[in-house]
Amino acid sequence: MLLVYPIWVSEGGRGRLQRMLPPLGILSIASYLESKGYDVHVVDLHAEQLRPEQFREVLRALRPRFVGVTVLSSHFVPAHYIAAMCKQEVPDCKVFCGGVHAESCPEEMLRNPAFDAVGRGDGEELMLELVQGRPYADVAGLSYRDDKRVVHNPPRPVEMDLDRYPFPAYHLIDLNHYFPPVGTYRDLPAINLLMTRGCPGACTFCNSAKTTLRGRSVAKMIELVKMLRYEHGIRQFSFYDDTFTATPKPVREFCLRMIDERIDASFVCYARGDMFSESMAALLAKAGCHQVLLGIESGSATLMKKIGKPIDKQKYRDVVRIAHAHGIEVRAGFIIGHYEETLETMRESLEFAVELDVDFFQPSIMTPYPGTQLYAEAKAKGLLLHEKYELYGQGEVVMKMKHLQPQDVHDFYKRSFAGFYLRPRAVWQQLQRLRSWHHARDLAKTAYAVFVEGLSEARAGDLRGWLDFDVEAASDPAIALPAKPRLTFAVRQREDFVDPT
Ligand code: B12
């Protein structure tokens with residue numbers, strides 16, 4: 001059994017510059033299958049920076065009977081290429097895919113005959129049923145071809161108890177390939193982990209909107225943290241939960257156990273403005289949390305409402321003040337390029353970040369990912385500039401705006417970095433960080449990657465080879481695409497879900 005995390009690489013080869021921590025989805029599937037006695041290999045093409053021909057060699061050596069591929073939107077072209085290569089090298093192998101993009105667009109995946117089926121929702125038990133040889137018709141959550149038709153089996157019930165899944169199979173990857181993104185750690189080595197999956201938020205641009213929140217027990221989390229800390233020497237944890245602070249009770253219990261058991265490790269997590277209190281901040285800080293990522297998204301209250309995250313600006317002022325009072329840094333995520341964005345609202349966002357005195361300002365460009373409400377609306381109104389998914393999330397504007405041209409957003413995006421980080425106060429704050437040897441080394445490595453490796457056409461060119469696959473030519477147009485886009489929460493919600501919006 002081979003599980004593959006594809007590379008994501010844009011035309012400019014930017015993908016190779018983005019550093020990351022291990023892919024928890026396929027590592028969870030891997031450990032589940034291992035716990036049932038299967039022999040599993042994991043190849044992370046992005047982290048290992050493998051070129052297509054190198055991956056072909058891996059296939060020749062392993063000759064897997066089953067392959068599972070994760071597909072986010074930016075993986076779209078490489079994922080199709082991977083499937084085609086698997087069938088070329090091992091013609092009788094079965095190739096499955098899953099992940100948020102695949103489950104939103106099963107027909108687009110299955111038009112390529114190299115994919116045998118698409119798994120929707122959690123992949124652990126679904127993959128087990130597939131490798132056990134259960135007939136496709138009996139695997140809940142599976143989409144597959146039946147002649148020229150795509151059959152969608154009923155969804156799998158959402159697994160509420162994440163303790164049923166073993167810890168991610170970190171042992172199947174080489175941890176030397178991983179490194180946390182700049183500024184997201186205080187100590188090294190670092191690793192990522194999850195206490196929960198799902199998010200109660202209703203942000204129109206997010207695949208996790210309205211997905212059922214479920215978690216691991218605090219006892220299991222402490223067992224995992226201790227194992228990573230004491231058996232593997234990990235000193236820094238990045239919680240990849242969509243909204244770590246969404247479940248205050250387990251978070252408090254977790255922090256208390258970290259404090260009681262004197263586990264000396266640092267951690268960072270995602271928080272939401274309306275799910276962060278003074279008492280939680282105090283405990284988080286005491287337990288080792290030194291940074292929260294706060295998705296503020298805009299400085300314009302009107303735009304905040306339009307994207308389904310109507311959190312009062314005063315609330316953000318309170319959150320940042322509270323976090324700072326407890327020594328927790330705030331990395332603030334902002335989105336520019338909203339449908340109703342103007343030059344004025346973009347300025348409001350930058351000014352709000354400066355006013356809040358956040359430690360990091362992280363802008364990104366609004367992207368309507370398939371599976372989100374934003375995508376469904378943009379598609380219905382004809383706002384998508386194109387559907388070259390490999391460019392989604394790669395710093396491109398892909399949606400028409402009411403008042404602005406893409407260039408306005410690109411220009412502001414570039415200017416906003418200087419506007420935030422070249423202020424004397426921000427320069428001083430970043431210099432303060434250089435007191436640590438790790439951060440100085442990190443900055444040097446980043447500068448090297450951007451200015452030396454980034455300019456190396458030959459290396460970037462090698463990886464761009466992953467885009468040399470004509471998905472259209474490999475696709476069977478006789479397989480119809482759905483009349484209406486699918487929404488992620490339709491897959492990842494409990495049957496008794498009541499929509500609060
Ligand atoms: C942490 C995180 C990051 C981290 C690390 C990403 C990583 N690759 O590990 C960082 C900060 C680096 C990051 C970067 C980006 N991210 Co991000 N990220 C996340 C986040 C919050 C958690 C990821 C995670 O660990 N999930 C938990 C695991 C357990 O879930 P999973 O991976 O989905 O896997 C399960 C199922 O999908 C399924 N499954 C997965 N693979 C397979 C395969 C088979 C065969 C089967 C059957 C099933 C299956 O089974 C798994 C186990 O149950 C997700 C949101 C989310 N909840 O997933 C966004 C998310 C994945 N990110 C997103 C985006 C857009 C990005 C960026 C493009 C942003 C940017 N502009 O730079 C980049 C590029 C990411 C990339 N191409 O890999 C989007 C993806 C949307 C899309 N349609 O593609 C998400 C969904 C958030 C959102 N906006 O809605 N991200």
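How many nonpolar, polar and charged residues does the lining of the second largest pocket have, by class? There are twelve nonpolar, three polar and eleven charged residues in that lining, where Ala, Val, Leu, Ile, Met, Phe, Trp, Tyr, Cys and Pro count as nonpolar, Asp, Glu, Lys and Arg as charged, and the others, Gly among them, as polar. The model is predicted, so local features need pLDDT of at least 70 and side-chain atom pairs count only at pLDDT 80 or more, while totals for chains, interfaces and linings use all residues. Residues are numbered from 1 along each chain as its sequence is written, and side-chain values use heavy atoms, with hydrogens and water left out.

**Second largest pocket**
- This pocket (an open set of points on a 1 Å grid over the protein atoms alone, with protein on both sides within 12 Å along at least five of seven lines) holds about 570 Å³ of space, a volume being the space filled by probe spheres set on the points.
- Its lining (residues with an atom within 4 Å of a point) comprises 26 residues, of which Phe-76, Glu-108, Glu-387, Tyr-389 and Leu-481 are the closest to the centre.

**Cavities**
- The whole structure contains two cavities of 30 Å³ or more, a cavity being a set of points where a 1.4 Å probe fits but cannot get out.
- The largest cavity has a volume of about 120 Å³, and its lining divides into eight nonpolar, one polar and two charged residues, including Arg-197 and Arg-216.
- The second largest cavity, of about 30 Å³, is lined by four nonpolar, six polar and no charged residues, among them Cys-203 and Thr-488.
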